Amino acid sequence: VILGNPIDTKINYTTITCDATFTVESGVALTTESKITGPVGTNEGIIKVRPTIKVLADGSSSITITDTVTSQMVKITTTITSNTLLTIDCENRTITDTIGTDYTTDVDIESVWFYFFNNYNLTCTGGVIQSVEYTEGY
């Protein structure tokens, strides 16, 4: 935490009021390389991370990815052709395939875009998780 501006102090007869502005950094520093794992792993940094997840669709009528540790879930409610590789970018809240088709509008309104504080354990119906990628902050 960094003090953003000088502290503004107001003294009354029975009280002292202080106003302070702080900046909370998202991390002291980010690692220089992304961490790439499978569906199970641990964020070892001190900040939450929003991953990019690659999923290979199996042609089902929907794809649901769930983190069994936190119960966060992203559900895509459309049929995606089998063997289509999807990129789920939780930082930017987008879902695209390798040719640029955007499936973001097909995300169920109840979905919670993933963020990892510590351990995660992703399961998937309607596809197979290929990789989970993020940059840790220390």
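Student: Is I7 buried, exposed or partly exposed?
Tutor: The model is predicted, so local features need pLDDT of at least 70 and side-chain atom pairs count only at pLDDT 80 or more, whereas totals for chains, interfaces and linings use all residues. Residues are numbered from 1 along each chain as its sequence is written, and side-chain values use heavy atoms, with hydrogens and water left out. Buried means under 20% relative accessible area, exposed over 50%, and partly exposed in between (1.4 Å probe, protein chains only). Because its relative accessibility is 48%, I7 counts as partly exposed.

Student: Where does I7 lie?
Tutor: Strands are DSSP runs (E, at least two residues), numbered from the N terminus. I7 is placed in the loop between β1 (2-3) and β2 (8-11).

Student: Is S131 buried or exposed?
Tutor: S131 belongs to strand β13, which covers residues 127-134. Its relative accessible area is 15%, and therefore S131 is buried.

Student: Which residues are in contact with S131, leaving aside neighbours within four places in sequence?
Tutor: Contact means heavy atoms within 4.5 Å. With those sequence neighbours left aside, the residues in contact with S131 are I36, T37, T52, I53 and K54.

Student: How many bridges join β7 to β13?
Tutor: Two strands pair if DSSP finds at least two bridges between them. β7 and β13 pair in the antiparallel sense, with A57 opposite G127 in β13. The number of bridges between β7 and β13 is six.

Student: Which residue in β10 stands opposite V55?
Tutor: Strand β10 (residues 85-89) runs antiparallel to β7, and five bridges join them. Opposite V55 stands L86.

Student: What is the bridge partner of T64 in β12?
Tutor: Strand β8 (residues 63-67) pairs with strand β12 (residues 119-125) in the antiparallel sense, over four bridges. In β12, the bridge partner of T64 is T125.
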